[in-house]
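Thanks for making time for this one.

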Amino acid sequence: MRDTRKLRYYNGTRKRSLFSELSRWSITNWLILVNIVFFAITFLFVFSPEYLKYLALQPALFLNGFFWTLLTSMFMHANIFHLFVNMFVLFSLGNLCEKIIGRKRYLWFYLIAGIIAGIVFVLFAYFFGSTETNSLAERVFGNPLAFAVGASGAIFAIAGLFMILTPRLKFMIIFLPFFSLPAYIMIPLVLFVTWLISSGVGIGIGNSAHFGGFLAGVVYAFYLRRKYKRKTKMIAKYFSE
């Protein structure tokens, strides 16, 4: 006969070890997992015009009551390449940001900054954009009938926070690994160049959402510098050496 006591002990140990392993995960790793799972579900079952409007952010629909899409759109991605790039950058920046400002503060910062990025996208597209395809207003400010998805607004918020708290921390572009510049140069440069190129050739990138997230990160970083002067000075000095 099998010793059931040993079996119960073994199963209990496995459950506890799995729980303890998951509890050690960073918030960033959990966010990446949620993004991947959400992408798989939406890509397989929801990614059609009939259902897309309930999860993706469209300025016209948002202003007609689809307020929850500010949050759900943060965890949707247009394709596997879009998901990979965003998750790679989130993994690269998020874990360090989480260690600097703390797990709970980081989670709320990520979510609120992503929501702010979505609101800025809605305002720019609705009040300054255009429904006329390839018009200057549509390319620069967006289309109020277009759907926006992705975590890049929140990711730009993390980058904006780094620009203020660790201005001399070297940043690299994912496709140019041997080219690096300090945060205070690289982050505004990427934001500006992305907006300029995508507007010029008509690529559908939510530049206003990136800008909104970036501003949220900058404002929050200045708040942290004012409230925790000594700690933020130590952080800036540590990453300048």
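What you have on the screen is a predicted model, in which local features need pLDDT of at least 70 and side-chain atom pairs count only at pLDDT 80 or more, while totals for chains, interfaces and linings use all residues. Residues are numbered from 1 along each chain as its sequence is written, and side-chain values use heavy atoms, with hydrogens and water left out.

The protein chain holds 12 helices and two strands, where helices (H or I, at least four residues) and strands (E, at least two) are DSSP runs numbered from the N terminus. Read from the N terminus, the order is α-α-α-α-α-α-α-α-α-β-β-α-α-α. Taking contact to mean heavy atoms within 4.5 Å, residues 24 or more positions apart account for 67% of the contacts in the protein chain with a separation of 6 or more. Of its 241 residues, 41% count as buried; here buried means under 20% relative accessible area, exposed means over 50%, and partly exposed lies in between, with a 1.4 Å probe and protein chains only. The chain exposes about 14,600 Å², of which carbon and sulfur atoms supply 69%, the areas coming from the Shrake-Rupley method with a 1.4 Å probe and, for residues, with only the protein chains shown counting as cover.

Let me turn to the interior. By a nonpolar core I mean a set of buried Ala, Val, Leu, Ile, Met, Phe, Trp, Tyr and Cys residues joined through side-chain atoms within 4.5 Å. Which members of the largest nonpolar core touch the most other members? Among its 42 residues, they are Leu90, Tyr106, Tyr110 and Ile158. At least two residues of this core come from each of helix 2 (27-46), helix 6 (80-101), helix 7 (103-127), helix 9 (152-165), helix 10 and helix 11 (207-227), and helix 9 gives the most, with 11 residues. Leucine 90, if we set aside residues up to four places away in sequence, touches Thr28, Leu31, Ile32, Asn95, Tyr106, Tyr110, Ile155 and Ile158. There is also a second, separate core of eight residues, which includes Leu57, Phe62, Phe121 and Ala148.

Glycine 114 lies in helix 7 and is buried, at 7% relative accessibility; beyond residues up to four places away in sequence, glycine 114 touches Met74 and Ala154. The C-alpha atoms of glycine 114 and serine 152 are separated by 8.1 Å, although these residues are 38 apart along the chain. Leucine 107, also in helix 7, is partly exposed with a relative accessible area of 28%, and, leaving aside its neighbours within four places in sequence, is in contact with Ile27 and Leu31.

On charged pairs, a salt bridge is taken as a side-chain nitrogen of Lys or Arg within 4 Å of a carboxyl oxygen of Asp or Glu, and by this rule the count comes to one. The side chains of arginine 103 and glutamate 98 meet in a salt bridge at 3.7 Å, N to O. Arginine 103 is partly exposed at 41% relative accessible area, whereas glutamate 98 is buried at 6%.

Finally, helix 10. Buried in helix 10 are Ala183, Met186, Ile187, Leu191, Trp195, Ser198 and Ser199. Just after helix 10, glycine 202 takes a positive phi of about 80 degrees.
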